[in-house]
Amino acid sequence: MRLCWHRTSCLDDGKDSGTNDVTRMYETISLPSYTWIAGVAQSAHDSGYRGAITSGTDDVEAAYRKVPTKQPEATVICYYEPATDAAVFRDTYGLPMGLKASVIQFNRPMALMTYFANAAMLCPATHYYDDVNIADTTEGKGTAQRTTDAVFKACGMGFKSAKHSGASTSQNFLGVHADVTPQGVTFSATPGRLEATLDIIAAIRARRTITVMDIQVLEGKTRFLLEATHGRLGRAPLSPLRAAISSGECRYTEALDISLRYLQELLPTLPPKAHVFVGNEGEARVVRIYADASTSYGVGGVLLVGELTWYFSLAVPELLHLRIEVLELLAAAAAYYTFAHLLPPDRVIVHFIDSQVAFAWVAKGYASQLHVADIVNQLHLDHLHRQVWFEWLDSDANIADIPSRGDPEDPALAGDYAILRELGATRITAKLPPIPPSYYAAADTP
């Protein structure tokens, strides 16, 4: 018997044998994101299709017990039978639960069948272990889903009828709700997933104790919820959960309570995440932001919207003791505070950063240093309602390097600023994000 979060399941346990302790895996698994359907719809849009893409979901029935194995001796289970007062050995079909190697093998047939459906049957399909998502056009009326079902059945792993969800422009996959239109895709957390997660958080905070199972379930559910809304937003409050998983300590700390309280307030208020189609003709729908910093002057940024250009240049002598990557992060955040009123609401934003460290912080949505993580989280909050792509570029290609090195009124920089003058760039007043007091400390540079 295995105790899960809210139920007790009758399962075999492959961990107690100690096999995992002497097993080393040389493979890993790459699983899709809930945004897969947006990629399919974007590709269709790029090819000229202007209808709405549909998707359907299915679940392989009793998948764990149907996976083939070439080591049947590893699937023997033993249990105590009270009626005969003896240990009983039985063969079990499929894979043992809890065995490290089972996860890799469990994924193999799903990946093979999904690949066959894509390559041989021309059915756009993906899978998250035994959960399958199949895309189609509205004219296809579910043909791709029925074809993929036939592929899985031919391999002895048919779909579960109770979990079948037919092709539709409005679909749930991995606890995320997707609405597809000819203009784009919006993602939001399903009400059931959100309610279940908030119930778990409330129960843990009420009893002020936490178990390993609590941590694992909560980390998984909140990660999907946060990614389903605005990508990396909110990864900072997950840090105490990940730290507990890594250390194996299940203590209810003040940091954990703050994290859970933050999630209780954040999760119900997040708006849907929108993926707007750009298309082959959509270059005019792209807005470009460049941000940069220097340890000799301050921060600068450039905004390109079509043929219009704006820039800011700000000296920050009180912050020049900071490491360059921290200044680069502040420059990136300042760009949103400064350019917010100039950003068209329906545009895709490509934000360029030339510091690899600052880019990594922004891409991950978190930094191990809490005062840096505050700025990262604020940066993601600032573009809460926007579709933003962060990109790294070489320093020599970053036009924001010019305003980050000095004031445009400095005669020594007249030649450098000539590029911005040729673009007809307009200077606007820079705005910094709220900066923690620790940033102004002269010693112990963050």
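**A buried leucine and its surroundings**

Author: Let's start with Leu218, which counts as buried, at 0% relative accessibility. One thing to keep in mind is that this is a predicted model.

Reader: Good to know. Which helix does Leu218 lie in?

Author: Leu218 belongs to helix H5, residues 212-230.

Reader: And which residues is Leu218 in contact with, leaving aside its neighbours within four places in sequence?

Author: Its contacts are Thr197, Ile200, Ile201, Ile204, Leu241 and Leu260. Take Ile200: it is 18 residues away from Leu218 in sequence, and the two C-alpha atoms are 7.3 Å apart.

Reader: Thanks! Let's talk helices, then. How do H4 and H7 cross?

Author: Helix H4 (residues 191-207) and helix H7 (residues 254-266) have axes that come within 10 Å and cross at roughly 145 degrees. The crossing of H4 and H7 is left-handed.

Reader: Which residues make that contact?

Author: From H4 there are Leu198, Ile201, Ala202, Ile204 and Arg205, and from H7 there are Asp257, Leu260, Arg261, Leu263 and Gln264. Sorted by class, the contact of H4 with H7 has 6 nonpolar, 1 polar and 3 charged residues.

Reader: Can we zoom out for a second? How many helices and strands does the protein chain have?

Author: The protein chain has 12 helices and 18 strands. Its C-alpha trace spans about 95 × 55 × 40 Å along the principal axes. Of its 446 residues, 46% count as buried. As for contacts between residues at least 6 apart in sequence, 70% join residues at least 24 apart.

Reader: Nice overview. Now a sheet, please! What is the strand order in the open sheet of 4 strands?

Author: The order is S9-S10-S11-S12, and the pairing is antiparallel. Strands S9 (170-173) and S12 (273-276) are at the edges with a single partner strand each, so one side of each has no neighbour in the sheet. From one strand to the next, the twist averages 20 degrees.

Reader: What about S10 and S11, how many bridges do they pair over?

Author: S10 (residues 176-181) and S11 (residues 184-189) pair over 6 bridges in the antiparallel sense. For one of the residue pairs, look at Val176, whose bridge partner in S11 is Ala189.

Reader: And which helix lies across S10, S11 and S12?

Author: That's helix H1, residues 36-46, and it runs at about 175 degrees to S11.

Reader: Let me jump to S13. Is that strand enclosed or left open, and why?

Author: Strand S13 (residues 286-293) is largely enclosed by the rest of the structure, because 7 of its 8 residues are buried.

Reader: Which strands does S13 pair with?

Author: One is strand S16 (residues 348-353), which runs parallel to S13 and is joined to it by 6 bridges. Within that pairing, Ile289 has His351 as its bridge partner in S16. Another is strand S14 (residues 298-305), paired with S13 in the antiparallel sense over 7 bridges. There, Ala293 has Val299 as its bridge partner in S14. A hairpin of 4 residues joins S13 to S14.

Reader: Changing topic: how many disulfides are there?

Author: The count comes to 0 disulfides.

Reader: One last thing: what is the phi of Leu122?

Author: It is near 60 degrees, a positive value in a residue other than glycine. Most residues other than glycine have a negative phi. Leu122 is in the loop between helix H2 (100-119) and strand S6 (125-128), and it is exposed, with a relative accessible area of 69%.

Reader: And Lys141, where is that found?

Author: Lys141 is in the loop between strand S7 (131-137) and helix H3 (143-154). Its phi is near 50 degrees, again a positive value in a residue other than glycine. At 68% relative accessibility, Lys141 counts as exposed.

How values were computed: Residues numbered from 1 in each chain as written. Predicted model: local features only at pLDDT ≥ 70, side-chain atom pairs only at ≥ 80, totals over all residues. Heavy atoms only, no water. Pairing = 2+ DSSP bridges. Helix = DSSP H or I, 4+ residues; strand = E, 2+ residues; numbered from the N terminus. Axes fitted to C-alpha atoms, helices over the stretch in contact; angles between N-to-C directions. Contact = heavy atoms within 4.5 Å. Disulfide = S-S within 2.5 Å. Buried < 20%, exposed > 50% of the residue type's maximum accessible area, 1.4 Å probe, protein only. Left-handed = near helix turned anticlockwise from the far one by under 90°. Nonpolar A, V, L, I, M, F, W, Y, C, P; charged D, E, K, R; others polar.
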